Amino acid sequence: MKRRIAQTLALGLAVLTGTCAVAQLPWMNKPKHYAWSDSTLSPDQRADLVIKEMTLDEKISLLHGQGMPFFSNAPSASNGGAGYTNAIPRLGIPAIQMADSAYGVTRGQAAGRYSTALPNNLGAASAWDTKSAYEYGALIGRELRDEGYSMTLGGGVNLTREPRNGRTFEYQGEDPLLAGTLDGWVEKGVQSNNIIGDLKHYAVNDQESGRNSVNANISKRAMRETDLRAFEIALGISNAGGVMCSYNRVNGDFACENSYLLTDVLKKDFNFKGFVLSDWGGTHSTVKASHAGLDMEQPDKIFFGDPLKKAVESGEVSQDEINEHVHRILRTIFASGLFDHPVVKQVPDVEGGYRVAQQIAEKSIVLLKNQRNVLPLSSSVHSVVLIGGHADVGVITGGGSAQVDAPGGSAVPPPAPKSIMESFMRAQWLPSSPLRALQAQMPAAKVTYVSGDDPQAAASAAKSADVAIVFAYQWESEGMDLPTLDLSAAQNQLIETVAAANPKTVVVLETGSPATMPWIDKVAGVVEAWYPGIRGAEALAEILTGTVNPTGKLAITFPKSDADLPHPKLVLPPPESEINFSAPGADISNIMSRMAKGLPAFQTYYDEGLKVGYKWYDAEKKTVLFPFGFGLSYTTYAYSGLSVTPGDTTSVSFTVKNTGKRAGTEIAQVYASFPDAAGEPPKRLIGWARVELAPGESKQVSVPVSQDRLTVYDEASDSWKLVPGKYAIRVGGSSQDLPLQKTVSF
Ligand code: BGC
């Protein structure tokens, strides 16, 4: 007992003073002082001091995982997350306990732990809000720490080249500036808890079909200005400690043994100081991967365990190279604050999590259509029927390794899994009920629910209600792609039938990607709620009733149909180069060993190059359903008075006025059209501002545009260049509504 008290006191003191390092609790007798405990030294100096004391075995032990605990082969010191590196007690080096946490900390159910399911990442990106992004990350970091983890495996920032990608919901949309900035702030928030941040999946991992074998063919310029640019920006803001290399090949080499990506770009050009870890089973070699810049194999030690030790002993991999890998991991442990602030489990602040989740959901929901002001539901609305989408009990979440378990179990019980992998890929519904939330917001009205299984019954319920709200969803998960952006035929049919019965029909979408809307002209309103998280229904009810004025704007284009995409048909792998994750009996060790051997490559050609998202539709002159940057509000805004002062940082100033009767927040966007010589798509987002305005209020807004937002990548000189010429600077409320324009020369 006395010893326990002494330990607690010692720990408390260490945490308070922040000067004296202690090892993690399980093996802590008394806090030890090491030369590297001195927090006045730099992380690099501290790492070097440790390395001097390390044996080769200790070094190697940091460079790989120990298996996946939930598949039962991990050592007991693992906290149950997807990844784990051993501690080195002799030297006071803590374990790195990693957990997936894209939109919240995962795998709570198995461990009997609560974690907050935030709105999914693409949803939250619709807030275009660095402050919310930071809070999003800070909450995840706090809960990781509370649950005993020290590193996130979140931070997905792959640009949406292929919106049918089953992980689109985990990413931040289609523009590198927006995605990179928001992801950077998320990771900054995570790391504010002395937790190691992560960015993934590096790089060009833009579809799930055949992700372990696909070879993404893409030009250097396209890569640098799009997918890699998002990583560069996110890294610049967050200094994330980890970057996870992806499963796919890029221009021939697997991403985790691709020296261009890992060394030339990430470590040299981006000046990344942290460590590269492989996606799970994404390591395919020892010497090649080590030379290319992979620092850590996860989750196993197939290549970076004994084979790496042997490669060092035989001289194939030098001591310096091993020290470099180890240095990156150790300096990250110091730089993140993990060494000085050991993780101590605590009960998470559930209420606090709910609050943050709701605030972010309120900013994420996008009002797409609002004919004749069907919304907000006014006091003259006496009856509302909610139809379909399990809106009586919950809201859907995205699946795969990002899955945040529903507290108390899924509100819609999933079918029993037929394989271990399938248990990762079942739709879970959070217990946030749109029916109950709307009833609470509209106590004087009759708010009811019908399932929609029988469209005729739904239509007659709709007929007798003032307003009908159909809930439609599209579930997404890692390990699969959507065959199409179309909703299921049954849902489309249900919407048509209900809309025919009641002109005041509103559709609420819970999707992780854009959806096509063949019924768009027949419904009065459309609200995109995404996968809105544990307080999603409450936020949605506030938007529907006008308690909250919607502010969200799309971080991704909604095309009219699959036919308008750069690749109208999803590029599918031949069967021999595909792993079927949900095949009955599919088990992880089997899958890992197939992956390690490397599956036969198949090709995708990203010939659309720079034309990702809105840049594609602009350049190809394709009309879209809803453009990038679009979102309605219950008030209206007017733009005027643009002035542009070019310089190292160009200042773009203009006035936004709230011309309606409600307070609101406008997301004002700034785009540039480049001179022809630049060879760029018609426009590029170069900045934005969130402008809060009272009714009738005007504000002058100034958006600083640093020069790197206007440069292009020159392959010949491998550098960024500002192309001299005339630039049109355009300002407005969406990528297709830009009333202000001024031409300036650079
Ligand atoms: C996913 C990663 C994830 C890892 C660990 C992989 O299948 O691609 O995003 O972090 O598993 O769960």
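The questions and answers below look at a sheet and at the cavities of a predicted model.

Student: Which strands stand at the edges of the open sheet of four strands?

Tutor: The strands of this open sheet follow the order β24-β23-β28-β29, and their pairing is antiparallel. A strand at an edge has a single partner, so one side of it is left without a neighbour in the sheet. The two strands that stand in this position are β24 (684-693) and β29 (740-745).

Student: In β29, which residue is the bridge partner of Arg730?

Tutor: Strand β28 covers residues 726-732 and is joined to β29 by six bridges, with the two strands running antiparallel. The partner of Arg730 within β29 is Gln741.

Student: Which element gives the largest share of the lining of the largest cavity?

Tutor: The search of the whole structure finds nine cavities of 30 Å³ or more, and the largest holds about 300 Å³ of space. Its lining is made by 27 residues, with Arg211, Tyr247, Trp280, Ser401 and Glu478 lying nearest the centre. Two elements, β4 (198-202) and α19 (588-597), each give two or more residues to this lining. The largest share, four residues, comes from α19.

Student: How many charged residues are in the lining of the second largest cavity?

Tutor: The second largest cavity has a volume of about 120 Å³, and of the 13 residues that line it, Pro176, Glu225, Arg229, Arg684 and Arg709 are the closest to its centre. By class, the lining of the second largest cavity has five nonpolar residues and one polar, while the number of charged residues is seven.

Technical notes: Residues are numbered from 1 along each chain as its sequence is written. This is a predicted model: local features need pLDDT of at least 70, side-chain atom pairs count only at pLDDT 80 or more; totals for chains, interfaces and linings use all residues. Side-chain values use heavy atoms; hydrogens and water are left out. Two strands pair if DSSP finds at least two bridges between them. On a 1 Å grid over the protein atoms alone, a cavity is a set of points where a 1.4 Å probe fits but cannot get out, and a pocket is an open set with protein on both sides within 12 Å along at least five of seven lines; lining residues have an atom within 4 Å of a point. Grid points are joined across faces, edges and corners, and a volume is the space filled by probe spheres set on the points. Ala, Val, Leu, Ile, Met, Phe, Trp, Tyr, Cys and Pro count as nonpolar, Asp, Glu, Lys and Arg as charged, and the others, Gly among them, as polar.
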